[in-house]
Amino acid sequence: MAQAHVRALRSKGDWKVADGAITGGQEPPGSGVGGYLITDEKFADFELSLEANPDWGVDTGIMIRATSIGSQGFQVLVDHREGGNIGGFYGNGIGGFNTREFGFNAKRDSTGTAVGMTPVAYRDLTPEPDPGRSDATWSARPEEFFETWRFGQWNEIRVRCQGHLPTLTTWINGNKMATLDAANMKAAGYDAQAVAELLGRAGHIALEVHHSGRGDRLGAERWLPGRVCRWRRIRVRVL
């Protein structure tokens with residue numbers, strides 16, 4: 001079993017409700033161990049909308065059609081950290097594909113505090129060829145994301161999921177960000193039929209708190225000590 005799956009089973013994450021929002025962090029805080037907050041209900045075709053306000057230095061996301069352990073499914077990236085991406089897709093436990101067209105690093109003030117983000121081309125983030133790289137059916141341009149995302153504030157994320165092997169579409173603050181055709185996508189390690197059999201026609205929705213470490217291709221810390229992501233106004237509309 002992959003290390004991330006083992007960690008997910010050992011920890012449920014540090015989830016709290018405060019000021020009308022769900023807050024997700026590592027449990028215990030600073031331990032480096034994350035977890036998933038998973039819906040009881042399964043969903044097939046649906047549209048999800050929520051608002052997110054992540055601290056800088058967190059690797060989180062929204063799991064779609066997730067299995068009961070949370071760590072297998074289609075992930076909408078909310079990687080708010082060095083080398084991160086928001087609105088693209090990742091195959092969490094289903095082949096490790098990614099569709100990011102661009103990334104970002106922190107823009108810092110004179111004290112070193114992150115006060116914004118600067119765009120970075122994906123080829124500059126990962127100098128070696130990425131065998132899991134797969135183009136999304138469609139992706140917004142980097143400048144469209146940076147005109148849309150409000151650093152340090154609440155941002156609305158909307159996700160539409162339709163089909164047995166779904167077509168996934170994301171919007172940020174009402175602006176379309178990316179579309180993925182899971183039935184026809186090609187990527188090393190991704191087997192569409194096997195994924196369909198594993199996930200089924202309906203699955204859970206889950207929020208992620210990633211474990212810490214520099215084990216990803218980009219070499220960036222996944223979750224800085226004491227950082228959290230806040231979620232609110234979560235709504236699901238069945239299609």
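This is a predicted model: local features need pLDDT of at least 70, side-chain atom pairs count only at pLDDT 80 or more; totals for chains, interfaces and linings use all residues.
Which side chain does the side chain of R201 join in a polar contact of 3.0 Å? The partner is D45, whose side chain meets that of R201 at this distance. A search of the whole structure finds two cavities of 30 Å³ or more, and the count of salt bridges comes to 15.

**Surroundings of R201**

- R201 sits in the loop between α4 and β14, the latter spanning residues 204-209, and with a relative accessibility of 37% R201 counts as partly exposed.
- Leaving aside residues up to four places away in sequence, R201 touches F43, A44, D45, R65, G163 and H164.
- Besides the polar contact of 3.0 Å with the side chain of D45, the side chain of R201 has a polar atom that lies 3.4 Å from the backbone oxygen of G163.
- R65, one of the residues that R201 touches, is 136 residues away from R201 along the chain, yet the C-alpha atoms of the two are separated by 8.0 Å.

**Salt bridges around E47**

- Side chains of opposite charge can pair when their charged atoms come close.
- E47 forms a salt bridge with R158, with an N to O distance of 3.3 Å, and this pair links distant parts of the chain, since E47 belongs to strand β4 (residues 46-54) and R158 to strand β11 (residues 155-162), 111 residues apart.
- E47 also forms a salt bridge with R160, where the closest N and O atoms are 2.8 Å apart; because R160 lies in strand β11 and E47 in strand β4, this pair ties together parts that are 113 residues apart in sequence.
- E47 is buried, at 12% relative accessibility, whereas R160 is partly exposed, with a relative accessible area of 27%.
- Through shared partners, salt bridges join E47, R158, R160 and R237 into one network.

**The D14 and K16 pair**

- A further salt bridge is formed by D14 and K16, whose closest N and O atoms are 3.8 Å apart.
- Within this pair, D14 is buried, with a relative accessible area of 16%, while K16 counts as partly exposed at 48% relative accessibility.

**The largest cavity**

- The largest cavity holds about 80 Å³ of space, and of the 13 residues that line this cavity, the closest to its centre are G87, G88, S139, M177 and A178.
- Strands β7 (86-92), β10 (138-139) and β13 (175-181) each supply at least two residues of this lining, and the largest share, three residues, comes from β7.
- By residue class, the lining of the largest cavity divides into six nonpolar, five polar and two charged residues.

**The second largest cavity**

- About 30 Å³ of space lies in the second largest cavity, which is lined by R65, F74, H164, L165, P166, V195, A196, L199 and G200.
- Helix α4, made up of residues 192-199, gives the largest share of this lining, namely three residues.
- The lining of the second largest cavity divides into six nonpolar residues, two polar and one charged.
- R65 and H164, which belong to the lining of the second largest cavity, are also among the residues that R201 touches.

Key
Residues are numbered from 1 along each chain as its sequence is written. Side-chain values use heavy atoms; hydrogens and water are left out. On a 1 Å grid over the protein atoms alone, a cavity is a set of points where a 1.4 Å probe fits but cannot get out, and a pocket is an open set with protein on both sides within 12 Å along at least five of seven lines; lining residues have an atom within 4 Å of a point. Grid points are joined across faces, edges and corners, and a volume is the space filled by probe spheres set on the points. Helices (H or I, at least four residues) and strands (E, at least two) are DSSP runs, numbered from the N terminus. Ala, Val, Leu, Ile, Met, Phe, Trp, Tyr, Cys and Pro count as nonpolar, Asp, Glu, Lys and Arg as charged, and the others, Gly among them, as polar. A salt bridge is a side-chain nitrogen of Lys or Arg within 4 Å of a carboxyl oxygen of Asp or Glu. Buried means under 20% relative accessible area, exposed over 50%, partly exposed in between (1.4 Å probe, protein chains only). Contact means heavy atoms within 4.5 Å. A polar contact is a pair of N or O atoms within 3.5 Å; within protein, one must be able to donate a hydrogen and the other to accept it, and residues adjacent in sequence count only if both atoms are side-chain atoms.
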